[in-house]
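Let's take a walk through this protein together, from its core out to its chain end. Have the sequence and the 3D view at hand.

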Amino acid sequence: MEHVVEDEIYIDGELFLNNMKRIFRFLKALWRYILYGNRVSFNTFSKRINLCSSCENLDRDKWMCNICGCYVVKKTQMDTEECPIKRW
């Protein structure tokens with residue numbers, strides 16, 4: 001049985017599972033960054049964020065990638081992360 005709440009998260013169902021996968025991917029990225037990563041330079045960040053802002057897969061309301069589900073403002077700052085479609 002699926003239940004919809006106002007922010008579109010299901011108690012049971014596919015959207016709940018997708019959110020759990022996104023949380024797991026975030027935790028993996030965070031651990032990778034903590035163990036091995038650094039922040040990129042401002043120039044690298046600017047190039048990455050410009051590429052993301054022109055991408056058709058960007059949810060411009062949330063600044064979230066529709067492919068991987070990451071918030072691009074955070075992901076583009078991490079040198080351990082890359083674009084899921086290899087734009088950067």
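Which residues make up the largest nonpolar core? There are nine: Val40, Phe45, Ile49, Cys52, Leu58, Cys65, Cys68, Cys70 and Val72. A nonpolar core here is a set of buried Ala, Val, Leu, Ile, Met, Phe, Trp, Tyr and Cys residues joined through side-chain atoms within 4.5 Å, and buried means under 20% relative accessible area with a 1.4 Å probe, counting protein chains only. Helix 2, residues 42-53, gives the most to this core, with three residues.

Before going on, please keep in mind that this is a predicted model, in which local features need pLDDT of at least 70, side-chain atom pairs count only at pLDDT 80 or more, and totals for chains, interfaces and linings use all residues. Residues are numbered from 1 along each chain as its sequence is written, and side-chain values use heavy atoms, leaving out hydrogens and water.

Stepping back, you will find three helices and two strands, in the order α-α-β-β-α from the N terminus. These are DSSP runs, numbered from the N terminus: helices are H or I with at least four residues, strands E with at least two. Of the 88 residues, 27% count as buried.

Now look at Leu58, one of the core residues. Beyond residues up to four places away in sequence, Leu58 touches Cys52, Ser53, Trp63, Met64, Cys65, Asn66 and Val72, where contact means heavy atoms within 4.5 Å.

Finally, follow the chain to Trp88, in the segment after helix 3 (72-75). Leaving aside neighbours within four places, Trp88 is in contact with residues including Arg48, Leu51, Cys52 and Thr76. The C-alpha atoms of Trp88 and Thr76 are separated by 9.0 Å.

Terms used. Buried means under 20% relative accessible area, exposed over 50%, partly exposed in between (1.4 Å probe, protein chains only).
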